[in-house]
Amino acid sequence: MIRVMTDLLSFHRRTMTYAASIVDLVEPGQLGLATPCEAWDVGALLAHMTGQNRGFAAAARGEAFDPATWAELPVVAGDFTASANEVVAAFNAEGALDRTWSLLAGLDREVRVPGATALGYHFIDYVVHAWDLGVAIGHRVEFDPELLEAVVPLAFDVPLDGPSRNGPYAPFAAAVPAIPDSGPLEVLLAVLGRDPSWRP
């Protein structure tokens, strides 16, 4: 179990570094571009990603639940990278994964989740959001095979119905049929409700 968590922390750290490298490519004129996240343009997606980082970091540190910590505010240069560094440091702090974390559900509801489970949630989310952002700005997104091998099984653990798929605050859409002979990234996207062929 310890080895598995150590590996996931490493994969998560690499994902956050890669996501930050894509964020650095975003130009001011691209903030209004559409993304695969139907309700969000690039600016809103960046605000969501940054707010989630800050909220998860606070949860990993064991701070009292406060919906304001998760606020999705307009992002300025450096905000996302700072939040990514913050969340990686919080996740890797001694004892963080042994705690139960207070996460945001919906607009203001607290949900208590084991730290190791929350790590998996964040890891999945930022692989997918890195792709969302990259494809929205026309950047080719490529993850190394080892990382994808780690994240795809976690995606298949996400229930196919219920709160994780339905309702206005569901983190994932309904799964879509995978394209025959899809690679692991396409399989990941499809099972989490993304159309792997989506383009602006």
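The model is predicted, so local features need pLDDT of at least 70 and side-chain atom pairs count only at pLDDT 80 or more, while totals for chains, interfaces and linings use all residues. Residues are numbered from 1 along each chain as its sequence is written, and side-chain values use heavy atoms, with hydrogens and water left out.

The chain holds 6 helices and 2 strands, which are DSSP runs (helices: H or I, at least four residues; strands: E, at least two) numbered from the N terminus. Along the sequence, these elements follow the order α-α-α-β-β-α-α-α. Of the 200 residues in the chain, 46% are buried, where buried means under 20% relative accessible area, exposed over 50% and partly exposed in between (1.4 Å probe, protein chains only).

Now to the charged pairs. Side chains of opposite charge can pair when their charged atoms come close. Across the whole structure, 6 salt bridges are found, each being a side-chain nitrogen of Lys or Arg within 4 Å of a carboxyl oxygen of Asp or Glu.

One of them joins Arg 61 to Glu 86, with the closest N and O atoms 3.1 Å apart. This pair links distant parts of the chain, with Arg 61 in the loop between helix H2 (42–60) and helix H3 (79–92) and Glu 86 in helix H3, 25 residues apart. Arg 61 is partly exposed because its relative accessibility is 37%; Glu 86, at 28%, is partly exposed.

Another salt bridge pairs Arg 194 with Asp 132, their closest N and O atoms lying 2.8 Å apart. Both Arg 194 and Asp 132 are buried.
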